[in-house]
Amino acid sequence: MSSYDVIIIGSGPGGYVSAIRCAQLGLKTACVEGRDTLGGTCLNVGCIPSKALLHATHMLHEAEHNFGDMGLKGKSPSVDWNQMQAYKQNTIDTNTKGIEFLFKKNKIDWIKGWATIPEAGKVKVGDDVHEAKNIIIATGSEPASLPGVEVDEKIVVTSTGVLSLNKVPKKMVVIGAGVIGLEIGSVYARLGSEVTVVEYLDAITPGMDGEVQKNFMRILKKQGINFIMGAAVQGTEASKSKAKVTYKLRKDESEHTLDADVVLVSTGRKPFYDGLDLAGLGVEMTRRGQIAVNDHWETSVKGIYAIGDVIEGPMLAHKAEDEGMAVASVVAGKHGHVNYGVIPGVIYTHPEVANVGMTEEQLKEEGRAYKVGKFSFMGNARAKAVFAGEGFVKIIADKETDRILGAHIIGPAAGDLIHEVCVAMEFGASAEDLAMTCHAHPTYSEAVREAALACGDGAIHM
Ligand code: NAI
């Protein structure tokens with residue numbers, strides 16, 4: 001039996017980041033992971049492999065659509081699916097090995113296997129029981145199931161199976177117009193699949209700024225993605241090589257079917273804590289099945305903490321990372337803090353979509369007075385030079401104080417641009433503070449400054 005100051009269960013972005021910080025703070029640390037590689041869903045079957053496929057297919061799109069206009073002539077590249085899969089795998093491998101290196105560097109023990117918690121202070125892996133003064137549960141999430149839909153990860157797939165299909169399907173039906181559905185739908189649409197997204201609500205990407213939702217959908221439609229909105233999927237029927245999707249239109253309850261070679265189920269994820277026997281331990285849960293924690297990420301059982309997708313809040317890798325660092329500080333006897341009001345969200349399509357803080361819809365509901373500064377990428381010289389003039393930056397500021405309350409970007413590198421606004425919000429900056437900051441020319445970032453200028457005396461290039 002070995003004993004540790006802290007054992008972290010799960011090595012996704014929440015768990016591995018927490019392990020590194022715990023070790024840096026001088027705690028004897030171990031991390032339990034049952035997969036063959038570290039990094040959890042994000043590195044193995046989520047954020048990282050999907051970004052490799054998004055990058056490769058974006059390059060294909062550039063070659064097919066923009067190379068000629070730039071004077072780059074010749075045959076467009078053809079797709080070698082096996083090589084693209086190998087590139088994706090290589091991207092995963094370099095990243096997961098990187099975490100293994102960081103574990104060694106920080107003297108973190110990787111306990112291989114699936115953990116159970118027989119009692120507070122003890123973690124069992126296989127036949128070994130390890131002692132831990134503190135336990136951090138960072139076991140993440142898994143795809144939520146949908147009634148009437150049986151996943152086989154070949155024809156009817158989740159975000160995991162869809163990354164490793166045998167071939168590019170001719171017809172793909174995506175259930176759910178959320179982040180996963182739209183990123184993966186983009187990948188296969190660029191590869192030539194006929195992609196149809198079936199969404200229950202009347203707008204895509206629930207909870208996002210309404211103007212962004214409308215523009216994003218228009219752009220995706222132009223890229224060849226079909227949408228059936230206000231449609232509740234009732235079930236799927238799969239044969240060896242095909243599937244049938246049945247949906248009901250909400251407006252008239254009429255029933256319809258769609259044929260597909262592959263169906264992606266992307267209707268949300270749910271917390272994963274199988275085998276931990278949380279009920280037996282007396283760990284309290286929320287009504288939505290997440291592990292309940294207090295302000296210090298401690299569960300109702302002393303010495304057991306939880307972070308990331310298993311607790312409340314957006315299921316985002318970076319939210320889990322922040323909690324991972326904060327809980328490490330708490331366990332080390334220091335203060336840990338996460339500013340939940342400034343957590344960006346990004347969709348890595350092309351153009352990218354990014355947001356932070358409040359939407360206009362939320363502010364209206366709160367009855368709070370606000371102003372909006374908006375700037376189109378059509379007025380941004382750099383964006384125009386690279387065929388990326390579609391989209392806009394929208395900054396929302398308090399009407400009286402000018403303090404930035406939120407930002408919503410659709411456009412080139414939106415996922416990077418958003419962080420300028422995040423930093424500004426962390427410092428309680430006003431739109432004027434951003435507008436008065438010199439921005440290099442020609443950069444996409446100038447569009448952020450212009451939107452901030454538009455909150456005051458006006459943008460220059462509009
Ligand atoms: P989601 O919650 O973003 O979207 C699911 C969509 O499915 C919703 O629009 C919902 O209305 C629709 N839906 C539900 N039941 C339906 C039915 N029966 N018929 C038709 N439509 C139905 O879920 P998603 O895309 O699966 O993502 C899961 C989680 O993973 C999210 O929390 C997301 O933030 C996270 N994620 C984040 C990424 C990023 O930050 N880039 C990338 C991938 C995942």
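Me: Which residue in strand 14 does Lys244 stand opposite?
Reply: This is a predicted model. Strand 13 covers residues 243-249, and strand 14 covers residues 255-260. The two strands run antiparallel and are joined by 6 bridges. Across this pairing, the residue opposite Lys244 is Asp259.

Me: Which residue takes a positive phi in the hairpin of strand 13 and strand 14?
Reply: This hairpin has 5 residues between the strands. The phi in question is near 65°, and the residue that takes it is Glu253.

Me: How many bridges join strand 12 to strand 13?
Reply: Strand 12, residues 231-238, runs antiparallel to strand 13. A hairpin of 4 residues links the two. Ala232 stands opposite Lys248 in strand 13. The number of bridges between the two strands is 7.

Me: Which strands stand at the edges of the open sheet of 5 strands?
Reply: The strands of this sheet follow the order 8-15-9-10-11, with parallel pairing.

Me: Which residue in strand 15 stands opposite Val156?
Reply: Strand 15 is made of residues 262-265, and strand 8 pairs with it in the parallel sense over 2 bridges. Within strand 15, the residue opposite Val156 is Val263.

Me: At what angle does helix 5 run to strand 10?
Reply: Helix 5, residues 179-190, lies across strand 9, strand 10, strand 11 and strand 15. Those strands belong to the sheet with the order 8-15-9-10-11. Relative to strand 10 (194-198), the helix runs at about 165°.

Me: Are helix 1 and helix 8 roughly parallel or roughly antiparallel?
Reply: The axes of helix 1 (residues 13-24) and helix 8 (residues 317-331) come within 7 Å and cross at roughly 30°. The contact includes Pro13, Gly14 and Cys22 of helix 1, with Ala317, Gly324 and Ala328 among the residues of helix 8. Angles under 35 degrees count as roughly parallel. The two helices are therefore roughly parallel.

Me: What is the handedness of the crossing of helix 1 and helix 4?
Reply: Helix 4 covers residues 81-105, and helix 1 packs against it at about 25° with the axes 10 Å apart. That makes the two helices roughly parallel. Tyr16, Ala19 and Ile20 of helix 1 meet Ile99, Leu102 and Phe103 of helix 4. The crossing is left-handed.

Me: How many disulfides are there?
Reply: A disulfide needs a pair of cysteine sulfur atoms within 2.5 Å. By this rule the count of disulfides is 0.

Me: Which cysteine has the sulfur nearest to that of Cys22?
Reply: Cys22 is in no disulfide. It counts as buried because its relative accessibility is 0%. The nearest cysteine sulfur is 9.9 Å away, and it belongs to Cys31.

Me: Is Gly289 buried, partly exposed or exposed?
Reply: Gly289 sits in the loop between helix 7 (278-281) and strand 17 (304-306). Apart from neighbours within four places in sequence, this glycine is in contact with Pro271 and Tyr273. Buried means under 20% relative accessible area, and exposed means over 50%. With a relative accessibility of 21%, Gly289 is partly exposed.

Me: Which helices do the buried residues of helix 13 pack against?
Reply: Helix 13 spans residues 445-454, and its buried residues are Glu446, Ala447, Val448, Glu450, Ala451 and Ala452. These pack against strand 20, strand 21 and strand 22. The helices they pack against are helix 11 (414-426) and helix 12 (431-435).

Methods:
Residues numbered from 1 in each chain as written. Predicted model: local features only at pLDDT ≥ 70, side-chain atom pairs only at ≥ 80, totals over all residues. Heavy atoms only, no water. Buried < 20%, exposed > 50% of the residue type's maximum accessible area, 1.4 Å probe, protein only. Pairing = 2+ DSSP bridges. Contact = heavy atoms within 4.5 Å. Axes fitted to C-alpha atoms, helices over the stretch in contact; angles between N-to-C directions. Parallel < 35°, antiparallel > 145°, perpendicular 65-115°, else oblique. Left-handed = near helix turned anticlockwise from the far one by under 90°.
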